[in-house]
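Good morning, everyone, and thank you for making the time.

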Amino acid sequence: MAESANPASSLSPDMPAAIGHTPLIRLRRASEATGCDIYGKAEFMNPGGSVKDRAALAIINDAERRGTLRPGGTIVEGTAGNTGIGLTLVANARGYRSVIVMPETQSREKIEFLSMIGADLRLVPARPFRDPGNYVHVSRRLAEETGGVWANQFDNTANREGHRHTTAPEIWDQMGGRIDAFTCSCGTGGTLAGVTLGLEDCAKQAGVARPRVVLADPEGSGLYGWVKTGDLSISGSSVTEGIGQSRVTGNLEGLHFDDAVRIPDPEALEQIYDLLIHEGLSVGGSAGINIAAAIRVARAMGPGHRIATILCDGGARYQSKLFNPEFLRAKDLPVPGWLA
Ligand code: PMP
C-alpha cells in the first residue's frame with residue numbers, strides 16, 4: 001500500500017490516502033526580510049494535524065507488510081502526542097486499537113484530543129531517556145506484555161522512509177527542483193533524515209548537488225553539538241514540544257548534515273506570532289524553530305536563494321501554553337501584543 005496515494009486534486013479512497021500532499025506556502029515576511037524565497041510545508045493540514053501522520057502511516061503500512069500487525073491488532077507507542085494522534089486515527093481507519101504512552105507535561109490540547117479520538121492513553125511522569133520510567137521504555141514494555149506492536153518511531157526507519165518517499169519528492173516537485181537549502185528540527189529525526197535522503201535521491205536523479213541541509217535545534221537538545229562537534233552536549237531548555245533529542249536515534253544513523261543552528265525560544269516564538277498575525281498561518285513551536293533557522297540560513301547564504309522548511313503542526317495544539325499570557329509570563333517569555 002502506498003505511503004500516501006493521491007494528489008490533493010483527486011479523490012481519496014479513505015483517510016490514510018489523504019495524508020500528505022500538503023501545500024508548500026511562501027512565507028512572505030521571512031522571504032522579504034532575507035531577499036530569499038522561504039517556503040513552509042503545511043504539515044498542519046494533514047488529517048491528524050501534524051507532520052507525524054506521515055510517520056504513523058508509514059509505520060503501520062510497514063507493520064502490515066511484515067505481517068506483525070494483523071486485523072484487530074494493537075499498536076503501542078510512546079509519543080509527545082502527535083505521533084499518537086496519527087497512529088490512533090490510522091488505526092481507527094484500519095480497524096486496529098492504539099495504546100499511547102505520553103509524558104504528562106505535554107500540552108492539554110494534545111492529551112484531550114488523544115482521549116477524544118479513542119486512544120487508550122497512559123500518561124507518565126516526564127523522565128530522561130536513561131530512566132526506565134521514560135515514556136519510550138514504558139511503551140516498549142507495554143507492547144511486550146500485551147502482545148501489541150511497538151511502533152518504535154525513534155529507531156524504526158520505516159519512519160524516515162515514509163518521509164523519503166513522500167515529503168521529500170513533494171517538496172522537490174513543488175519547488176520545481178530549484179531548492180538551495182532545507183532546515184528542520186528533530187524529535188525522532190524521521191522528518192529531517194527522510195527528507196534529506198529523499199532530496200538526495202531527487203538531486204541525484206536530476207544530476208545536481210543535494211540542497212544544503214541544516215538541523216534546527218532548540219535549547220536543551222544535544223543534536224546541535226552532535227552536528228557541530230560530534231558531542232551530544234546539552235544546555236538550556238525549551239518550551240517547544242516534540243523536538244530536541246539527547247541521542248542519535250536509529251532514524252538519524254548514517255546521516256550527514258551540512259550544519260546546525262540552535263534557536264532560543266523567544267526567536268522561535270517571534271516567528272510563530274509574526275506568521276499568525278501578518279500572514280494568517282497558525283503553527284506550533286517547532287515550526288517557529290524551523291522558520292527561525294531558515295531565516296538564519298537565508299542570511300548566511302545571501303539573497304536569491306530558495307529554502308524550504310516544515311510547518312510541523314498547528315498553533316491550536318498549544319493554545320494553553322504558547323498562546324496563553326499566564327504561561328508565557330511564568331516562563332519569562334514575551335507576550336505578543338494582541339494577547340497581552
Ligand atoms: N514538531 C512536532 C510538533 C512534533 O510533534 C514532532 C515529532 N515529535 C516533530 C516536530 C519532530 O518530527 P520528527 O519526529 O520527524 O523528528
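This is a predicted model: local features need pLDDT of at least 70, side-chain atom pairs count only at pLDDT 80 or more; totals for chains, interfaces and linings use all residues.

Let me begin with the sheet, which is open and made of 6 strands that run in the order β1-β2-β10-β7-β8-β9, with mixed pairing. At its edges stand β1, residues 24-26, and β9, residues 259-263, and because each of them has a single partner strand, one side of each is left without a neighbour in the sheet. From one strand to the next, the twist averages 25 degrees.

If we stay with β9 for a moment, we find that β8, which covers residues 212-218, pairs with β9 in the parallel sense over 5 bridges.

The mean pLDDT of the protein is 96, and 97% of its residues reach 70 or more, but over residues 1-6 the pLDDT stays under 50.

Finally, let us turn to the ligand. A polar side-chain atom of K52 lies 2.6 Å from an oxygen atom of the ligand, while in the case of G189 a backbone N or O atom lies 2.9 Å from a ligand oxygen atom. For S286, an N or O atom in the side chain is 2.6 Å from a nitrogen atom of the ligand. Taken alone, the ligand exposes 390 Å², and the protein buries 96% of that.

Note on methods: Residues are numbered from 1 along each chain as its sequence is written. Side-chain values use heavy atoms; hydrogens and water are left out. Two strands pair if DSSP finds at least two bridges between them. Helices (H or I, at least four residues) and strands (E, at least two) are DSSP runs, numbered from the N terminus. Axes are lines fitted to C-alpha atoms, for helices over the stretch in contact, and angles run from 0 to 180 degrees between N-to-C directions. pLDDT is the predictor's confidence in each residue, from 0 to 100. Contact means heavy atoms within 4.5 Å. A polar contact is a pair of N or O atoms within 3.5 Å; within protein, one must be able to donate a hydrogen and the other to accept it, and residues adjacent in sequence count only if both atoms are side-chain atoms. Accessible areas come from the Shrake-Rupley method with a 1.4 Å probe; for residues, only the protein chains shown count as cover.
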